[in-house]
Amino acid sequence: MELPKGIQVEVTNKCNFKCVYCLRNFWNIKLQDMPFALFKKLSSSFNGMEKVVLYGLGEPLTHPNFMEMVQLARASLKIDGEISFSTNGSLLNINVAEKLLKDIGVNMISFSFDTIETFALERLRVGAETHIILENLKTVSKLKKFSKYPFNLAIEVVLMKGTLDYLPNLIEFAAQNGVDKILVTNLIPYTEALNAQQLYLTVSETSYNIVKDFLDEGWNIIHDAIMESHSITYTGKSVSSALEKYKMFWKKAEEYGYWINFPILLEMKNNLEYVGKALHVLKESAKIASAYNIELQLPNQFADRKKRTCPYVDKDFAVVRVDGNIVPCMEFMYTHYEYVNLHKRLVKEVIFGNILEESLEKIWSSEEFKNFRILRKDLNKNFPWCGECVYSTLNCYYTLSSEKDCMGNPNSCSECLYSVNIAQCML
């Protein structure tokens with residue numbers, strides 16, 4: 001039986017913060033720590049893997065046995081295997097940091113915070129004390145040279161209207177404090193209110209560029225095209241050029257292999273200024289990071305349906321939930337609502353088995369899980385992209401839930417923001 005190359009383990013879904021944009025605010029899930037016995041059973045499979053990632057939808061350092069888990073993972077992995085985790089940084093004091101880097105040996109620690117501005121950070125990440133987080137990051141940076149294994153210090157940033165302006169200064173701070181990598185992800189909106197903070201479009205940049213000069217005409221462009229179509233049908237006479245213009249848009253888009261989703265472009269027209277600003281700030285941020293030799297992993301601000309990939313399938317990863325359930329990715333980890341393409345969508349959890357009942361090898365090698373991964377090897381061919389479909393914003397039945405899409409796929413990835421690199425996770 002086969003094993004994944006890497007595994008992400010949610011050691012806890014508890015957290016000592018209450019970040020305003022976190023999924024934990026919008027679910028009804030039992031909060032718990034992964035039993036150490038369960039982790040020990042799972043760790044017997046680590047020897048054949050390249051990487052173990054110890055985080056999920058909680059703060060891993062709140063787990064009472066976290067250090068023992070890291071130690072067990074290190075002992076179980078092959079000698080060149082990697083261990084990493086993400087943290088809010090609040091509990092990573094010098095004693096914890098020394099044990100993790102000097103004694104046990106981890107390969108990457110990623111601090112999750114969006115700004116070094118005290119008021120802004122503590123408003124977004126409720127429970128945070130900015131000075132403690134920044135001091136803990138500086139401590140880890142100083143310990144890098146004593147690390148038992150090759151080590152990278154990273155930062156993860158959630159990008160939205162309220163954090164965009166802070167990014168360049170954050171990169172400067174990172175450069176001054178030995179940070180090796182920064183991952184920037186767009187906000188995943190779980191409510192309509194959060195959706196108002198988004199800085200991206202789920203249409204392609206190509207289709208946007210084709211119609212951008214005509215968006216000021218608003219819904220009139222569609223109304224007039226419909227009226228002209230009726231006039232030609234019933235009278236044989238053309239009353240305007242709207243229909244030809246509309247057909248021209250579609251012809252150009254189809255030449256490049258895209259569709260035009262006018263409804264979402266028109267509804268998001270007022271947001272285009274923010275998207276443009278985001279593109280400018282990200283470009284400037286990339287220059288700063290390059291000057292300091294920091295690896296900056298940026299998200300997309302437009303969705304390109306022809307370049308969709310699944311990060312979990314591409315990297316051959318599985319995810320183990322705190323209760324032992326094996327799931328394919330963060331998106332399908334728990335049942336929750338998202339607000340995408342201007343509508344509310346129910347994303348249902350996808351579970352392939354539980355390691356308390358079956359081995360990881362057996363679950364990973366099951367026909368159901370294998371077929372799930374095979375389909376997602378070519379998302380462009382096998383799954384629709386709702387962002388470019390006019391029906392996605394008009395109460396299409398298939399957009400109400402992830403259960404099934406218009407191509408007949410169960411557990412659809414047709415609106416997954418990770419698949420178009422609008423959202424990113426640290427694997």
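How exposed is Asp-180, going by its relative accessible area? It sits in the middle category: Asp-180 is partly exposed, with a relative accessible area of 24%. Keep in mind that this is a predicted model.

**Salt bridges**

- Let's stay with Asp-180, which forms a salt bridge with Lys-144; their closest N and O atoms are 2.9 Å apart.
- This pair ties together distant parts of the chain, as the two residues are 36 residues apart. Asp-180 belongs to the loop between helix 6 and strand 8, while Lys-144 belongs to the loop between helix 5 and strand 7.
- Lys-144 is partly exposed too, with a relative accessible area of 22%.
- Why do such pairs turn up? Side chains of opposite charge can pair when their charged atoms come close.
- Counting them up, the model has 13 salt bridges.
- Another one joins Glu-358 to Lys-362, with 3.9 Å between the closest N and O atoms. Glu-358 is partly exposed at 29% relative accessibility, and Lys-362 is partly exposed at 44%.
- Lys-370 and Glu-367 also form a salt bridge, and here the closest N and O atoms are 3.8 Å apart.
- Both of these residues lie in helix 15 (residues 367-375), and because they are 3 residues apart there, about one helical turn separates them.
- That spacing is handy to know about: an α-helix has 3.6 residues a turn, so residues three or four places apart point the same way.
- Lys-370 is partly exposed, with a relative accessible area of 32%, whereas Glu-367 is exposed, with 51%.
- Salt bridges can also join up into a network, and Arg-321, Asp-323 and Glu-349 are linked in this way.

**Helix 3**

- Helix 3 covers residues 94-104, and its buried residues are Val-96, Ala-97, Leu-100, Leu-101 and Ile-104.
- Where do they point? They cover an arc of only 130° around the axis, so they are on the same side of helix 3.
- The cover over these buried residues includes helix 2 (66-76), strand 4 (82-87), strand 5 (108-112) and helix 5 (130-143).
- Have a look at the start of helix 3: a side-chain oxygen of Asn-93 comes to within 3.1 Å of the backbone nitrogen of Asn-95.
- At the other end, Gly-105 follows helix 3, and its phi is positive, near 100°.

**Helix 6**

- In helix 6 (residues 167-176), the buried residues are Leu-167, Leu-170, Ile-171, Phe-173 and Ala-174.
- If you look down the axis of helix 6, these buried residues fall within an arc of 160°, so they line one face of the helix.
- Among the elements covering them are helix 5, strand 7 (152-159), strand 8 (181-186), helix 12 (272-291) and strand 9 (295-297).
- Just after helix 6 comes Gly-178 with a positive phi of about 70°.

- Asn-341 lies in the loop between strand 12 (336-340) and strand 13 (343-347).
- Is Asn-341 buried or exposed? Its relative accessibility is 5%, so Asn-341 counts as buried.
- Beyond its neighbours within four places in sequence, Asn-341 is in contact with Thr-202, Ile-264, Cys-386, Gly-387, Ser-392, Thr-393 and Glu-415.
- With Glu-415 there is a polar contact of 2.7 Å between the side chains.
- Pro-384 is in the segment after helix 16, and it is buried, with a relative accessible area of 14%.
- Which residues does Pro-384 touch, leaving aside its neighbours within four places in sequence? They are Arg-308, Asp-405, Cys-406, Met-407, Asn-409 and Ser-414.
- Ser-414 is 30 residues from Pro-384 along the chain, yet their C-alpha atoms are separated by 5.3 Å.

**A nonpolar patch on the surface**

- Tyr-397, Tyr-398 and Leu-400 make up a nonpolar patch on the surface, and together they have about 340 Å² of accessible area.
- Leu-400, one of the patch residues, is found in the segment after helix 16 (379-382).
- At 44% relative accessibility, Leu-400 is partly exposed.

Notes: Residues are numbered from 1 along each chain as its sequence is written. This is a predicted model: local features need pLDDT of at least 70, side-chain atom pairs count only at pLDDT 80 or more; totals for chains, interfaces and linings use all residues. Side-chain values use heavy atoms; hydrogens and water are left out. Patches are made of residues with over 30% relative accessible area and no salt bridge: like charges are joined within 9 Å, nonpolar side chains (Val, Leu, Ile, Met, Phe, Trp, Tyr) within 5 Å. Accessible areas come from the Shrake-Rupley method with a 1.4 Å probe; for residues, only the protein chains shown count as cover. A salt bridge is a side-chain nitrogen of Lys or Arg within 4 Å of a carboxyl oxygen of Asp or Glu. Helices (H or I, at least four residues) and strands (E, at least two) are DSSP runs, numbered from the N terminus. Buried means under 20% relative accessible area, exposed over 50%, partly exposed in between (1.4 Å probe, protein chains only). The arc is that of the directions from the helix axis to the C-beta atoms. Contact means heavy atoms within 4.5 Å. A polar contact is a pair of N or O atoms within 3.5 Å; within protein, one must be able to donate a hydrogen and the other to accept it, and residues adjacent in sequence count only if both atoms are side-chain atoms.
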